[in-house]
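Here's a quick briefing on a single chain and one of its helices. Have a look at the model first, then read on.

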Amino acid sequence: MAIRKIVYEGDELLRKKSKPVKDFDDDLDELLDDMRETMHANDGMGLAAVQVGVLRRVVIVEANGMFVELINPEIVKVEGEDIDTEGCLSVPGFNDKVKRPYRVTVKAFDRYGYPFEITGEKYFARCVCHEVDHLDGVLYIDKSENKSKYKRKGK
């Protein structure tokens with residue numbers, strides 16, 4: 001396992017749409033293990049593969065006492081509404097309120113290629129939505145209440 005370099009806002013890679021995973025192999029296992037180590041080393045609650053420079057539909061989330069790996073995730077149901085503060089490892093030094101669903105159900109595959117479905121609430125739901133957005137090139141600052149106050153580092 002290794003800690004990978006985080007890709008920061010301003011890098012065009014973060015705005016690209018990630019490609020589906022087709023091969024459930026040792027490379028995927030290594031990516032998932034590295035992502036978990038990278039997330040923990042940076043005190044994150046979730047991480048998308050694109051945030052470590054890999055344009056694949058891979059997400060990990062650790063919230064509400066659960067750790068979940070989501071390969072090719074698809075949000076299939078949303079319920080309720082929740083507004084809370086978010087941050088992002090790819091957008092250091094800025095936090096803002098974002099409206100998200102209170103509960104989400106997501107379909108995905110595990111690292112071995114087996115399909116599953118999971119439903120979670122509050123922070124788990126928020127993290128899943130945040131990370132799945134990354135897979136489509138969307139950052140939380142695009143949806144934040146005060147996005148106009150965000151200033152890219154170096155600007």
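β1 (46-48), β2 (58-63) and β3 (66-79) are among the elements that cover the buried residues of α1. Helices here are DSSP runs of H or I with at least four residues, strands are E runs of at least two, and both are numbered from the N terminus. Keep in mind that this is a predicted model: local features need pLDDT of at least 70, side-chain atom pairs count only at pLDDT 80 or more, and totals for chains, interfaces and linings use all residues. Residues are numbered from 1 along each chain as its sequence is written, and side-chain values use heavy atoms, with hydrogens and water left out.

**Helix α1**
- The buried set in α1 is Leu 28, Asp 29, Leu 31, Leu 32, Asp 34, Met 35, Thr 38 and Met 39 (buried means under 20% relative accessible area, 1.4 Å probe, protein chains only).
- Residues three or four places apart on an α-helix point the same way, because there are 3.6 residues a turn.
- Just past α1, Asp 43 has a positive phi of about 55 degrees.

**The whole chain**
- You get two helices and seven strands, in the order α-β-β-β-β-β-β-β-α.
- Buried residues come to 46% of the 155 in the chain.
- Of the contacts (heavy atoms within 4.5 Å) with a separation of 6 or more, 68% are between residues 24 or more positions apart.
- The C-alpha trace spans about 40 × 35 × 25 Å along its principal axes.

How values were computed. Buried means under 20% relative accessible area, exposed over 50%, partly exposed in between (1.4 Å probe, protein chains only).
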